[in-house]
Amino acid sequence: FIGVQKDRVDKSAHSFDESGDGSAQYKTKIDVKGDVKNFRSRFENFGAAAEEESKRKVEEEKRRRDLEFKRQVEASKKKEAVAEEQRAKEEQSRREEDERRREEEERRGSEARRLDAEREQSRLEEQRTCSGG
């Protein structure tokens with residue numbers, strides 16, 4: 001052979017001259033059924049894992065929404081409690097103001113009655129002094 005370098009040839013390689021069935025090195029028949037079953041089971045496992053992951057994500061999202069809803073309800077209750085407390089304080093202030101006004105009116109009324117009584121007393125005394133003198 002011209003151009004073939006014998007010292008650089010792979011020792012494990014067969015040449016064209018050699019006869020051999022090659023059964024030791026090459027598998028002639030492939031077990032297709034085993035590969036199909038293995039492929040099917042891997043595919044089914046992949047599908048089951050994806051379905052499980054999907055369920056887990058749905059549960060996680062539901063849990064997150066529930067927590068958010070509870071936070072909103074609590075915030076709403078707290079806000080309503082603060083508003084109710086404010087209304088109660090305003091109502092108490094109105095009552096106190098009304099009571100103060102009633103007391104003031106009552107005081108003015110009693111002062112006015114006292115002044116009327118004094119005027120009446122002065123008028124009667126004048127009449128007595130004018131008619132008796």
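Is Glu118 buried, partly exposed or exposed? Glu118 comes out as partly exposed, with a relative accessible area of 40%. Here, buried means under 20% relative accessible area, exposed means over 50%, and partly exposed is in between (1.4 Å probe, protein chains only).

## Where this comes from

You're looking at a predicted model, where local features need pLDDT of at least 70, side-chain atom pairs count only at pLDDT 80 or more, and totals for chains, interfaces and linings use all residues. Residues are numbered from 1 along each chain as its sequence is written, and side-chain values use heavy atoms, with hydrogens and water left out.

## Arg114 and its partners

Let's stay with Glu118. Its side chain forms a salt bridge with Arg114, the closest N and O atoms being 2.3 Å apart. (A salt bridge is a side-chain nitrogen of Lys or Arg within 4 Å of a carboxyl oxygen of Asp or Glu.) Arg114 also forms a salt bridge with Glu111, this time at 2.4 Å.

Glu118 and Arg114 both lie in helix 1, four residues apart, while Arg114 and Glu111 are three residues apart; each spacing is about one turn of the helix. Helices (H or I, at least four residues) are DSSP runs, numbered from the N terminus. Arg114 is partly exposed at 38%, and so is Glu111 at 32%.

## Other salt bridges

Glu53 and Arg56 also pair up, at 2.5 Å from N to O. Both lie in helix 1 (residues 32–132), three residues apart. Glu53 is partly exposed at 33%, as is Arg56 at 44%.

Then there's a network of salt bridges linking Glu90, Glu91, Arg94 and Arg95. Overall, the structure holds 21 salt bridges.

Definitions and conventions: Helices (H or I, at least four residues) and strands (E, at least two) are DSSP runs, numbered from the N terminus.
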